[in-house]
Amino acid sequence: MSRTELILGPPGTGKTTALLDNVSEALAAGTDPSRIGYMAFTRKAAREAAGRAAERFNIRQDDLPWFRTLHSAAFHILGLRPDEVMQDSHFKELGEALGSFTFQHSYDETVERAPLGGGLGDRALAVYSRARARMISVEEEWAKGEDEISLADAKRFARTLEAYKESYQLRDFNDFLDEVHEPLPFELFIIDEAQDLTRQQWAFARRVGATAKRVIIAGDDDQAIFQWSGADLSLFLAFAGNTKVLPLSHRLPRLIWAKAYALAESIKYRRPKAWGPRDDDGQIVWLDIPEQVAVDNGQTWLLLARHKWQLGDLERICRDKGVVYQRDGQWSNQTTAVRAVVNYERLRRGEALGNAQVQAIARFVPGMTPPPKSVPSFSWGDLAWPFAGQPDWMAALSGIGADEREYIRKLRRSGESLVNSGRVVISTIHGIKGGEADCVLIIPDVSRKVCDRLAVDEEKRVWYVAISRAIKELHICAPATERFFRA
């Protein structure tokens with residue numbers, strides 16, 4: 001019979017390190033790395049664990065085949081190929097067959113849960129996906145009232161999708177977990193971020209880990225913020241075995257810890273846990289308006305808001321201050337225009353560039369004939385420029401839009417790199433879970449729908465996650481509306 005343990009890891013308490021300590025013990029005892037499973041809810045957590053394990057134990061990540069998300073593990077076990085899985089083109093065809101079911105999001109074998117919003121097709125797929133995740137019927141899921149879609153549309157979509165998959169012998173990303181039935185030969189099986197697992201994922205984990213000699217479940221119920229996508233926190237809270245709470249946050253200083261701890265204590269449906277801050281006061285800063293945020297102070301920053309529609313204002317602040325930022329996984333200095341500027345200046349310095357780089361430059365030089373694609377590389381003199389001399393990029397690349405030109409100028413004036421990753425990340429709170437930064441800005445305003453739920457445990461957990469990302473300074477902006485979280 002396997003021995004099962006629970007590790008509770010509040011923010012910054014070193015949960016991944018503690019889990020890898022257990023991996024270290026297993027390896028020291030002679031366990032083959034291929035008989036260690038480390039499965040997490042997010043790809044970020046799985047990649048971080050695999051990378052740290054490979055470095056710490058001086059082995060290749062390929063030697064750790066089961067450091068994956070549960071979804072990826074199921075795909076791997078089944079030996080599937082991407083062409084056996086529903087792709088964007090299939091969903092588009094399905095939507096056209098249904099009539100007005102459009103899809104605005106992208107889907108392939110790497111998708112693990114349907115995103116919110118989008119077209120009617122996206123919203124219908126979200127209902128179907130959550131029903132699968134919760135292991136209930138589409139009718140039961142629809143009755144929860146979380147989507148603006150009729151029951152008739154939800155049921156018709158589900159029927160048509162199932163028929164489409166059967167007709168073309170395809171699977172969608174909801175199918176993988178249900179098709180795995182045999183256990184893997186694990187000596188040690190770790191399930192990380194377990195508070196965010198769906199009922200479907202729990203069932204999969206039980207099957208693949210059924211014969212493991214030791215099982216470690218790890219997570220933090222206070223950070224369970226994905227119930228909207230089907231996560232079943234009740235299964236995590238129901239665990240009755242040996243439990244360990246990691247007692248010290250290496251991230252949170254006293255002032256920020258106190259605010260986060262008090263908020264967690266107000267959550268009714270939770271596991272009590274005692275843990276403390278690091279030996280530093282930290283700082284909580286109150287701002288009148290978001291524009292006061294000092295993202296140009298050389299520190300790392302997270303700019304967080306509850307909703308996607310709020311991120312545009314934060315992006316404009318970063319552009320106005322001339323700092324590099326990331327939004328939706330894309331760094332602002334990696335646009336085609338910025339890359340064209342960088343590469344144009346390289347040509348001016350006498351470097352040779354590849355064909356694709358020169359083609360990108362030519363897009364922003366009015367009157368320039370794009371170079372032939374058959375030539376692999378070019379130097380300055382190989383090109384027919386529509387001007388004399390070697391003007392700077394401002395004069396030469398006049399096809400770059402005015403806003404982008406001004407932003408690039410500000411980046412240069414402020415000394416920001418046009419090549420390297422920056423220090424500032426703009427995100428919704430849900431999108432940043434697991435991240436941290438020296439300084440965190442929180443925009444407290446919320447939609448009317450969320451405002452009605454601010455006293456609910458699930459919403460308190462969202463703001464707990466936001467507050468607990470800060471290593472040194474927590475900046476809280478004054479609300480701009482009457483609907484806001486009282487930080």
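Predicted model: local features only at pLDDT ≥ 70, side-chain atom pairs only at ≥ 80, totals over all residues.
**Entry 1: helix 12 and helix 13**

I looked up how helix 12 (residues 336-348) sits against helix 13 (residues 355-362). Their axes come within 9 Å and cross at roughly 110°. Angles of 65 to 115 degrees count as roughly perpendicular, so that is the word for helix 12 and helix 13. Helix 12 passes helix 13 in a left-handed crossing.

Next I checked who touches whom. From helix 12 I got Ala-340, Asn-343, Tyr-344, Arg-346 and Leu-347, and they meet Gln-357, Ala-360 and Ile-361 of helix 13. Sorted by type, the residues of this contact are five nonpolar, two polar and one charged.

**Entry 2: salt bridges**

How many salt bridges does the whole structure have? My search found 46.

I picked out Asp-220 with Lys-273, where the closest N and O atoms are 3.6 Å apart. Asp-220 is in the loop between strand 5 and helix 9, and Lys-273 in the loop between helix 10 and strand 7, so the pair ties together parts 53 residues apart in sequence. Asp-220 is buried at 2% relative accessibility, and Lys-273 is buried at 4%.

Then I looked at Glu-436 and Arg-251, which pair at 2.7 Å, N to O. They sit 185 residues apart in the chain. Is Arg-251 buried or exposed? Arg-251 is buried at 9%, while Glu-436 is partly exposed at 44%.

**Entry 3**

Back in helix 12, I found Arg-348 and Glu-345 three residues apart, about one turn of the helix. They form a salt bridge, with the closest N and O atoms 3.1 Å apart. Arg-348 is partly exposed at 29%, but Glu-345 is buried at 11%.

Technical notes
Residues numbered from 1 in each chain as written. Heavy atoms only, no water. Axes fitted to C-alpha atoms, helices over the stretch in contact; angles between N-to-C directions. Helix = DSSP H or I, 4+ residues; strand = E, 2+ residues; numbered from the N terminus. Parallel < 35°, antiparallel > 145°, perpendicular 65-115°, else oblique. Left-handed = near helix turned anticlockwise from the far one by under 90°. Contact = heavy atoms within 4.5 Å. Nonpolar A, V, L, I, M, F, W, Y, C, P; charged D, E, K, R; others polar. Salt bridge = Lys/Arg side-chain N within 4 Å of Asp/Glu carboxyl O. Buried < 20%, exposed > 50% of the residue type's maximum accessible area, 1.4 Å probe, protein only.
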